Amino acid sequence: MATSFQRDKVRLVFDAMDGDGDGALRRADFDDLARRWAAVRSAGDEERLLAVMRGWWDTLAAHSRTAGAVTIDDVLTVVDLLDGMPGAVTATADAMFEAVDEDGDGRVSPAEYRRMIEAWSGGRADPGDAFALLDSDGDGAISRAEFAAHWYEFWAGDDPAAPGSRIFGRVPG
(Lines give C-alpha, C1' and ligand atoms only; values in the text may rest on other atoms or scores of the structure.)
Protein backbone atom coordinates (compact mmCIF):
# COMPACT_ATOMS: atom_id res chain seq x y z
CA MET A 1 0.00 0.00 0.00
CA ALA A 2 1.39 3.38 -1.01
CA THR A 3 2.48 5.78 1.69
CA SER A 4 1.40 9.40 1.82
CA PHE A 5 4.73 10.48 0.32
CA GLN A 6 4.44 7.98 -2.55
CA ARG A 7 0.93 9.24 -3.25
CA ASP A 8 2.23 12.83 -3.31
CA LYS A 9 5.00 11.87 -5.78
CA VAL A 10 2.57 10.06 -8.07
CA ARG A 11 0.06 12.93 -7.76
CA LEU A 12 2.75 15.33 -9.05
CA VAL A 13 3.16 13.29 -12.24
CA PHE A 14 -0.52 12.38 -12.54
CA ASP A 15 -1.72 15.98 -12.32
CA ALA A 16 0.83 17.11 -14.90
CA MET A 17 -0.44 14.47 -17.29
CA ASP A 18 -4.17 14.96 -16.64
CA GLY A 19 -4.55 17.71 -19.22
CA ASP A 20 -8.26 18.31 -18.70
CA GLY A 21 -8.12 17.89 -14.92
CA ASP A 22 -10.93 15.34 -14.82
CA GLY A 23 -9.10 12.95 -12.48
CA ALA A 24 -8.49 10.29 -15.11
CA LEU A 25 -5.72 9.66 -17.59
CA ARG A 26 -6.54 8.52 -21.09
CA ARG A 27 -4.33 7.54 -23.99
CA ALA A 28 -4.85 11.05 -25.39
CA ASP A 29 -3.22 12.51 -22.24
CA PHE A 30 -0.10 10.42 -22.91
CA ASP A 31 -0.10 11.49 -26.56
CA ASP A 32 -0.53 15.14 -25.55
CA LEU A 33 2.43 14.89 -23.16
CA ALA A 34 4.59 13.38 -25.90
CA ARG A 35 3.63 16.20 -28.26
CA ARG A 36 4.34 18.85 -25.58
CA TRP A 37 7.69 17.25 -25.01
CA ALA A 38 8.49 17.15 -28.73
CA ALA A 39 7.56 20.82 -29.00
CA VAL A 40 10.09 21.96 -26.37
CA ARG A 41 12.93 19.73 -27.51
CA SER A 42 15.62 20.97 -29.78
CA ALA A 43 15.71 17.69 -31.73
CA GLY A 44 11.98 16.86 -32.03
CA ASP A 45 11.49 13.10 -32.49
CA GLU A 46 7.80 12.97 -31.67
CA GLU A 47 7.39 9.34 -32.76
CA ARG A 48 9.95 8.07 -30.25
CA LEU A 49 8.33 10.08 -27.47
CA LEU A 50 4.89 8.80 -28.47
CA ALA A 51 6.19 5.22 -28.29
CA VAL A 52 7.61 5.77 -24.77
CA MET A 53 4.41 7.39 -23.51
CA ARG A 54 2.18 4.75 -25.12
CA GLY A 55 4.24 2.04 -23.42
CA TRP A 56 3.40 3.65 -20.09
CA TRP A 57 -0.24 3.90 -21.10
CA ASP A 58 -0.38 0.21 -22.01
CA THR A 59 1.08 -0.82 -18.65
CA LEU A 60 -1.25 1.39 -16.65
CA ALA A 61 -4.34 0.56 -18.72
CA ALA A 62 -3.71 -3.15 -18.17
CA HIS A 63 -4.13 -2.55 -14.41
CA SER A 64 -7.02 -0.09 -14.65
CA ARG A 65 -10.42 -0.81 -13.16
CA THR A 66 -12.11 1.32 -15.85
CA ALA A 67 -11.81 0.70 -19.59
CA GLY A 68 -10.07 3.57 -21.36
CA ALA A 69 -9.22 5.51 -18.20
CA VAL A 70 -6.61 5.32 -15.44
CA THR A 71 -7.15 6.88 -12.02
CA ILE A 72 -4.56 7.83 -9.42
CA ASP A 73 -5.49 4.66 -7.52
CA ASP A 74 -4.78 2.57 -10.64
CA VAL A 75 -1.34 4.18 -10.90
CA LEU A 76 -0.68 3.51 -7.22
CA THR A 77 -1.66 -0.15 -7.75
CA VAL A 78 1.11 -0.40 -10.34
CA VAL A 79 3.53 1.48 -8.07
CA ASP A 80 2.86 -1.09 -5.32
CA LEU A 81 4.01 -3.81 -7.72
CA LEU A 82 7.23 -2.08 -8.78
CA ASP A 83 9.36 -3.02 -5.80
CA GLY A 84 9.15 -6.63 -6.97
CA MET A 85 9.80 -5.74 -10.62
CA PRO A 86 13.12 -3.89 -10.71
CA GLY A 87 13.74 -5.06 -14.29
CA ALA A 88 10.54 -3.42 -15.51
CA VAL A 89 11.44 -0.17 -13.75
CA THR A 90 14.94 -0.26 -15.26
CA ALA A 91 13.53 -0.91 -18.74
CA THR A 92 11.26 2.11 -18.37
CA ALA A 93 14.19 4.17 -17.09
CA ASP A 94 16.21 3.19 -20.18
CA ALA A 95 13.39 4.24 -22.50
CA MET A 96 12.99 7.54 -20.66
CA PHE A 97 16.74 8.14 -20.66
CA GLU A 98 16.82 7.65 -24.43
CA ALA A 99 13.99 10.13 -24.79
CA VAL A 100 15.58 12.74 -22.50
CA ASP A 101 19.09 12.38 -23.99
CA GLU A 102 18.24 14.35 -27.12
CA ASP A 103 21.72 14.36 -28.66
CA GLY A 104 22.40 10.69 -27.89
CA ASP A 105 25.68 11.37 -26.10
CA GLY A 106 24.83 9.08 -23.19
CA ARG A 107 24.43 11.99 -20.77
CA VAL A 108 21.52 14.22 -19.81
CA SER A 109 22.59 17.85 -19.75
CA PRO A 110 20.95 20.53 -17.60
CA ALA A 111 19.19 21.89 -20.72
CA GLU A 112 17.83 18.44 -21.69
CA TYR A 113 16.61 17.89 -18.13
CA ARG A 114 14.94 21.32 -18.06
CA ARG A 115 13.11 20.56 -21.32
CA MET A 116 11.80 17.30 -19.84
CA ILE A 117 10.52 19.13 -16.75
CA GLU A 118 8.92 21.83 -18.92
CA ALA A 119 7.17 19.19 -21.00
CA TRP A 120 5.79 17.48 -17.90
CA SER A 121 4.70 20.73 -16.29
CA GLY A 122 3.32 22.23 -19.49
CA GLY A 123 5.18 25.52 -19.14
CA ARG A 124 8.41 27.27 -18.23
CA ALA A 125 10.16 25.51 -15.41
CA ASP A 126 13.11 26.09 -13.18
CA PRO A 127 14.34 22.71 -11.99
CA GLY A 128 16.24 24.52 -9.25
CA ASP A 129 18.61 22.33 -7.30
CA ALA A 130 17.06 19.05 -8.53
CA PHE A 131 19.59 18.64 -11.33
CA ALA A 132 22.53 18.96 -8.92
CA LEU A 133 20.96 16.32 -6.66
CA LEU A 134 20.49 13.95 -9.61
CA ASP A 135 24.04 14.49 -10.86
CA SER A 136 25.40 12.22 -8.12
CA ASP A 137 29.04 12.38 -9.19
CA GLY A 138 29.00 16.13 -9.85
CA ASP A 139 30.32 15.88 -13.43
CA GLY A 140 27.72 18.27 -14.88
CA ALA A 141 25.47 15.60 -16.44
CA ILE A 142 23.21 12.74 -15.43
CA SER A 143 24.56 9.41 -16.67
CA ARG A 144 22.37 6.47 -17.68
CA ALA A 145 23.26 4.70 -14.41
CA GLU A 146 22.43 7.77 -12.31
CA PHE A 147 19.14 8.23 -14.17
CA ALA A 148 18.14 4.56 -13.70
CA ALA A 149 18.92 4.65 -9.98
CA HIS A 150 16.96 7.85 -9.49
CA TRP A 151 14.06 6.61 -11.62
CA TYR A 152 13.79 3.58 -9.35
CA GLU A 153 13.98 5.81 -6.26
CA PHE A 154 11.11 7.90 -7.59
CA TRP A 155 8.75 5.12 -8.60
CA ALA A 156 9.53 2.39 -6.06
CA GLY A 157 11.09 4.33 -3.20
CA ASP A 158 9.63 6.05 -0.19
CA ASP A 159 12.47 8.27 1.02
CA PRO A 160 11.74 12.01 0.73
CA ALA A 161 15.49 12.71 1.06
CA ALA A 162 16.46 10.43 -1.85
CA PRO A 163 17.62 12.47 -4.86
CA GLY A 164 15.36 10.43 -7.15
CA SER A 165 12.34 11.67 -5.24
CA ARG A 166 12.97 14.98 -7.04
CA ILE A 167 13.34 13.61 -10.59
CA PHE A 168 10.14 15.44 -11.64
CA GLY A 169 10.80 18.42 -9.39
CA ARG A 170 9.92 19.27 -5.81
CA VAL A 171 7.15 17.07 -4.40
CA PRO A 172 4.46 19.12 -2.70
CA GLY A 173 3.65 17.76 0.72
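## Rings, helices and a pocket

Let's start with a charge and a ring: Lys9 lies over the face of Phe154, 5.2 Å from the ring centre. (A charge counts as sitting over a ring if NZ of Lys or CZ of Arg is within 6 Å of the ring centre and within 35 degrees of the ring normal.) Keep in mind that this is a predicted model, where local features need pLDDT of at least 70, side-chain atom pairs count only at pLDDT 80 or more, and totals for chains, interfaces and linings use all residues. Residues are numbered from 1 along each chain as its sequence is written, and side-chain values use heavy atoms, with hydrogens and water left out.

**Aromatic rings**

- A search of the whole structure turns up 11 aromatic pairs. Rings of Phe, Tyr and Trp (its six-membered ring) pair if their centres lie within 6.5 Å; planes under 30 degrees apart count as stacked, over 60 as edge-to-face and the rest as tilted.
- One of these pairs is Phe97 with Phe147, an edge-to-face pair with 5.7 Å centre to centre and 70 degrees between the planes.
- Phe97 sits in helix H5 and Phe147 in helix H8, so the pair ties together parts that are 50 residues apart in sequence. (Helices, H or I with at least four residues, and strands, E with at least two, are DSSP runs numbered from the N terminus.)
- Both Phe97 and Phe147 are buried. Here buried means under 20% relative accessible area, exposed over 50%, and partly exposed in between, using a 1.4 Å probe and protein chains only.
- Trp56, Phe97, Phe147, Trp151, Phe154, Trp155 and Phe168 make up one aromatic cluster.

- Helix H8 runs over residues 144-156, and at 1.5 Å a residue its 13 residues should span 18 Å; the end C-alpha atoms are 18 Å apart, which agrees. The expected span is 1.5 Å times one less than the number of residues.
- Which residues of H8 are buried? They are Glu146, Phe147, Ala148, His150, Trp151, Phe154, Trp155 and Ala156.
- The cover over those buried H8 residues includes helices H1 (4-17), H3 (46-62), H4 (72-82), H5 (86-100) and H7 (130-134), plus strand E2 (142-143).
- In H4, the buried residues are Ile72, Asp74, Val75, Leu76, Val78, Val79 and Leu82, and they pack against H1, H3, H5 and H8.

**The largest pocket**

- The volume of the largest pocket is about 400 Å³. A pocket, on a 1 Å grid over the protein atoms alone, is an open set of points where a 1.4 Å probe fits, with protein on both sides within 12 Å along at least five of seven lines. Grid points are joined across faces, edges and corners, and the volume is the space filled by probe spheres set on the points.
- Its lining has 23 residues, and Trp56, Thr59, Leu60, Val78 and Thr92 lie nearest the centre; a lining residue has an atom within 4 Å of a point.
- H1, H3, H4, H5 and H8 each give at least two lining residues, and the largest share, 6 residues, comes from H3.

**Residues to look up**

- Met53, in helix H3, is buried, with a relative accessible area of 0%.
- Leaving aside neighbours within four places in sequence, Met53 is in contact (heavy atoms within 4.5 Å) with Phe30, Leu33, Ala34, Trp37, Met96 and Trp120. Met53 and Leu33 are 20 residues apart in sequence and 7.8 Å apart in space, C-alpha to C-alpha.
- Asp58 also belongs to helix H3, but Asp58 is partly exposed at 48% relative accessible area. From Asp58 to Arg27 is 31 residues in sequence and 8.6 Å in space, C-alpha to C-alpha.
- Met85 is in the loop between H4 and H5 and counts as partly exposed at 34% relative accessibility.
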